[in-house]
Amino acid sequence: MATSTSSKLSKAVKQHYMDLPQGDKVQAMYIWIDGSGEGLRCKTRTLDSEPKTIEELPEWNFDGSSTYQSEGSNSDMFLIPAAMFRDPFRRDPNKLVLCEVLKYNRKPAETNLRNTCKQIMSMVDNNHPWFGMEQEYTLLGTDGHPFGWPSNGFPGPQGPYYCGVGADKAYGRDVVEAHYRACLYAGVDICGTNAEVMPAQWEFQVGPTEGINMGDHLWVARFILHRVCEDFGVVVSFDPKPITGNWNGAGCHTNFSTKEMREDGGLKIIEESIDRLAKRHQYHIRAYDPKGGLDNARRLTGRHETSSIDEFSAGVANRGASIRIPRAVGQDKKGYFEDRRPSANCDPYIVTEALVRTCLLKEEGEEPRDYRK
């Protein structure tokens, strides 16, 4: 299995420098989503003191022509700090700063889906929408081959790997444990992790998190995972079907509830929401991966614990349905539902926004409504 040469550099030597005092200065790593809608970029600046609120962080800029976000003749893009976390790599008082991207004219960049999501979430504050997203991912060597798989073949068939224990079942647990602890340190609302059905595939869960915070926390958790994998010399893939054939794909199942759904009798509200989702299936499919459904077409085949991309379905405890109502929710008559359609590489901002538009704002039709008109 191929690991990067940088991972073989001495971490003990690096630690000598990391232990040097930094005085009153603070390193702030600015993070943003690039023009692909999937890739993350980052760069660091020095601040004179530790920021306590997001308002204390200065705006910044970058060259958008190198991130698929602008032309070289007009390349400056603005970084607007949106959410701040502790930095688990440089440690306190240093910060990770998730940013929105604005174009030269101060309008949101095409892949800045946070901007509209924040507007939509502000319209439903009183409903207290909670989200929990289950992020599946696959560990790869730098050669693109799944981590731990035989170089010229395949591991044994699926069965013993899900939540498995042992060197022949769990591939890459060191990465998982490091990521989990780093997220806790950073202040990410990570709530669990487990090995997935395909070997070298894992999942972490973020939530329950309210409103715009869901997207913020998931994107930062993804960034931290990329950085942890960088240190270990491996690669994380969020591709929804990294290995063709009889292997599970990777999704980002999204659990959703509102204040009404969580109260006694909330099952009725859940069922009404599912009825609205059924009538808007294609809108959600387009929103649930960065390529408008093309990525999910490789994953949502009706096999390997997925529903068909062409048909909407719902059921209690049914992992082959578009929408799953957990068995306990069916018994308690209140709680939440799980949308199993979002792909592993989805943008959580548009996924959560789409659920709010359909279930709370009761939009209909194949296009999102423009509330600015």
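Q: Over how many bridges do strand E6 and strand E9 (residues 235–237) pair in the antiparallel sense?
A: In this predicted model, local features need pLDDT of at least 70, side-chain atom pairs count only at pLDDT 80 or more, and totals for chains, interfaces and linings use all residues. Strands (E, at least two residues) and helices (H or I, at least four) are DSSP runs numbered from the N terminus, and two strands pair if DSSP finds at least two bridges between them. Within E9, Val 235 is the bridge partner of Leu 140. For E6 and E9, the number of antiparallel bridges is three.

Q: Which residue of E8 stands opposite Phe 131?
A: Residues are numbered from 1 along each chain as its sequence is written, and side-chain values use heavy atoms, without hydrogens and water. E6 pairs with strand E8 (residues 201–210) in the antiparallel sense over eight bridges. Opposite Phe 131 stands Thr 209.

Q: How many bridges join E6 to strand E10 (residues 252–257)?
A: E6 and E10 run antiparallel. Met 133 stands opposite Thr 254 of E10. The bridges joining E6 to E10 number six.

Q: How many of the eleven residues of strand E6 (residues 130–140) are buried?
A: Buried means under 20% relative accessible area, exposed over 50%, and partly exposed in between (1.4 Å probe, protein chains only). By that scale E6 is mostly covered. Its count of buried residues is ten.

Q: How far apart in space are Met 121 and Phe 154, C-alpha to C-alpha?
A: Met 121 is placed in helix H2 and is buried, at 5% relative accessible area. Contact means heavy atoms within 4.5 Å; leaving aside neighbours within four places in sequence, Met 121 has contacts that include Phe 131, Ile 212 and Glu 353. Phe 154 is 33 residues from Met 121 in sequence, and their C-alpha separation is 45 Å.

Q: What is the relative accessible area of Glu 353, the salt-bridge partner of Arg 357?
A: A salt bridge puts a side-chain nitrogen of Lys or Arg within 4 Å of a carboxyl oxygen of Asp or Glu, and for Arg 357 and Glu 353 the closest N and O atoms are 2.8 Å apart. The two residues are separated by about one helical turn because they lie four residues apart in helix H10. Arg 357 counts as buried at 4% relative accessibility. Glu 353 is also buried, with a relative accessible area of 8%.

Q: How many residues apart in sequence are the parts tied together by Arg 286 and Glu 367?
A: The side chains of Arg 286 and Glu 367 meet in a salt bridge at 3.7 Å, N to O. Arg 286 is partly exposed at 35% relative accessibility, whereas Glu 367 is exposed at 55%. Arg 286 lies in helix H7 (residues 281–287) and Glu 367 in the segment after helix H10 (348–359), so the separation of the parts they tie together, in residues, is 81.

Q: How many residues apart are Arg 106 and Glu 59?
A: Their salt bridge has its closest N and O atoms 3.0 Å apart. Arg 106 is in the loop between strand E5 (95–102) and helix H2 (114–122), Glu 59 in the loop between strand E2 (40–47) and strand E3 (60–63). Both are partly exposed, Arg 106 at 39% and Glu 59 at 41%. Their separation in residues is 47.

Q: How many salt bridges does a search of the whole structure find?
A: Among the residues involved, Glu 38, Asp 239, Lys 291, Asp 295 and Arg 298 form one network through shared partners. The number of salt bridges found is 27.
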